[in-house]
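Good morning, and thank you for coming.

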Amino acid sequence: MFNLNNKNKILNTENILSIINQYNTPIWIYDGNIIQDKINILKKFDIIRFAQKACSNIHILRFIKQFNVKIDAVSLGEIERALIAGFTPKNDEIIFTSDIIDTQTLKKVIDLNITVNVGSLTMLEQIGKISPKHRIWMRINPKFGHGHSKKTNTGGENSKHGIWNPHLALPIIKKYQLNLVGLHMHIGSGVNYQHLKKVCNSMLNQTIILNQDIQSISAGGGLPIPYQENDIPIDINNYFNLWNHTKQKIEKHFRHPINLEIEPGRFLVGESGILVAKVYAKKKTKNKKFVLVESGFNDLMRPVMYGSYHHISIIPKDNRIINKEKIQKTIIGGPLCESGDIFTQNEKGELQERDLPKIKIGDYIVFHNTGAYGATMSSNYNTKPFIPEVLFENGKPRIIKKRQTIEELIKLETDIPFQY
């Protein structure tokens, strides 16, 4: 699955080295073919709505638009990105999802008549007062949740997301004649079939109890991907059948067709991306070996935030053959002035040694499956510039984000006159 020697795959050693020679490191690289394959897998759903927070590069948004994918935006900035990429508010190509709405965003969604997936009673009041009859979805907290980390759990009493008691929303919807077109539930990232059945049942029960004649339901996102070699890919047919069975019962209740939306983020883009960084130092402590690369959690936040696992491959600088028999217990860290800047740790922040071949200074480290929540969660911490992004589209690479310079970063502050 993570073999870089397979020349039938775009993300192979030869192509990666070619990109490095042209754009240097560290760098993000994406394979558009993988994104397209993932979209095709989800074609059974009536609507595929990409959770663009997973990977919001405008060029990737433009790429997926050609496959009739729609967009979920969670901020004013994401709305603007979607508009620039060619999406429009017509036919709900863009839906705005949030639990709060600030003044600027409220003005934008009303001016453009963007449908809003409402996550709080306060939002309902805000929208209703200024834009009666506005098209809305209601995001319901199903009172339980699940995720690969407690930080990705989006349901239950410990979650800030969604409306806990949707019955309280009905008088507000009626007061302002808001046009409720859909119900949305999402319990977390990395859901399994047991929890999936629960959320399907919850959607069915809430829909019938509320008895609002809706047009659509959303299965939310959270579709997992295989981060480790022994991970079993999710059975999309099983996933679809569970939701489609729920949809059919709701259609029978309302006596008309209902759209079933799926809202993938990582599933569409996660496996398409890699982060490549150069090795600059090796260190030994009493019992541990550290290999330090030029990228830190300023580039890839997930291991520090969630203890997430990313498979690691080595591309040798000198074309030597990697001896898989000479395995060493290794910890991979970054350059930041933070003890926690470690790529190999668990959710508790404990160091996790990896069995890796002997690594030399100047080798390249490849972090796999970083297409989702990689570049989008990057920061300028330690005054580190954002790194470039390259997309292979139809097998050909093109730059889709330039490397930020230190001058560009600092200019946001130096453009303001100093005062003493």
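What follows is a short tour of this model, which is a predicted one.

I begin with the barrel. Eight strands form a closed barrel in the order 2-3-4-5-6-7-8-9, and their pairing is parallel. From one strand to the next, the twist averages 30°. As a reminder, strands of a sheet pair through backbone hydrogen bonds, and they may do so in parallel or antiparallel fashion.

Strand 4, residues 94-98, runs parallel to strand 5, residues 115-118, and four bridges join the two. Across this pair, phenylalanine 96 stands opposite valine 116.

Strand 5 also holds asparagine 117. Is this asparagine 117 buried or exposed? Its relative accessible area is 2%, under the 20% limit, and therefore asparagine 117 is classed as buried. Its side chain makes a polar contact of 3.3 Å with the side chain of threonine 97. Setting aside residues up to four places away in sequence, asparagine 117 touches several others, including Phe96, Trp137, Arg139 and His184.

Let me turn to the helices. Helix 4, residues 76-84, packs against helix 5, residues 103-111, at an angle of about 35°, and their axes are 10 Å apart. Which residues of helix 4 meet helix 5? They are Leu76, Ile79 and Glu80, and on the side of helix 5 they meet Gln104, Thr105, Lys108 and Val109.

The side chain of aspartate 111 has a polar contact of 2.7 Å with the side chain of lysine 107. To give a sense of scale, the C-alpha atoms of aspartate 111 and isoleucine 406 are separated by 37 Å, and these two residues are 295 residues apart along the chain.

Helix 9, residues 236-254, lies across strand 8 (216-218) and strand 9 (259-262), and runs at about 150° to strand 9.

The largest nonpolar core has 97 residues, and Phe50, Trp243 and Ile332 touch the most other members. The largest share of this core comes from helix 9, with seven residues. Phenylalanine 50, leaving aside neighbours within four places in sequence, is in contact with a set of residues that includes Leu61, Ile64, Val69, Pro264 and Leu268. Another core, of 15 residues, lies apart from the largest one, and among its members are Leu11, Ile27, Val276 and Val390.

Strand 10, residues 273-284, pairs with strand 15 in the antiparallel sense over four bridges. In this pairing, valine 276 stands opposite valine 366 of strand 15. Strand 12, residues 312-315, is likewise joined to strand 15 by four bridges, and the two run antiparallel. Here isoleucine 312 stands opposite phenylalanine 367. Which way do the residues of strand 15 point? Tyr364 and Val366 point one way from the strand, Ile365 and Phe367 point the other way, and all are buried.

I close with some points of backbone geometry. In general, most residues other than glycine have a negative phi, and most peptide bonds are trans.

The peptide bond that joins threonine 25 and proline 26 is cis, with omega at about -5°. Proline 26 lies in the loop between helix 1 (13-23) and strand 1 (27-31).

Lysine 133 has a positive phi, near 70°. This residue sits in the loop between helix 6 (121-130) and strand 6 (135-139). Lysine 133 has a relative accessibility of 56% and so counts as exposed.

Tyrosine 373 also has a positive phi, of about 55°. Its place is in the loop between strand 15 and strand 16 (389-393). Is tyrosine 373 buried or exposed? Its relative accessible area is 15%, so tyrosine 373 is buried.

Thank you for your attention.

Note on methods. Residues are numbered from 1 along each chain as its sequence is written. This is a predicted model: local features need pLDDT of at least 70, side-chain atom pairs count only at pLDDT 80 or more; totals for chains, interfaces and linings use all residues. Side-chain values use heavy atoms; hydrogens and water are left out. Two strands pair if DSSP finds at least two bridges between them. Axes are lines fitted to C-alpha atoms, for helices over the stretch in contact, and angles run from 0 to 180 degrees between N-to-C directions. Contact means heavy atoms within 4.5 Å. A polar contact is a pair of N or O atoms within 3.5 Å; within protein, one must be able to donate a hydrogen and the other to accept it, and residues adjacent in sequence count only if both atoms are side-chain atoms. A nonpolar core is a set of buried Ala, Val, Leu, Ile, Met, Phe, Trp, Tyr and Cys residues joined through side-chain atoms within 4.5 Å. Buried means under 20% relative accessible area, exposed over 50%, partly exposed in between (1.4 Å probe, protein chains only).
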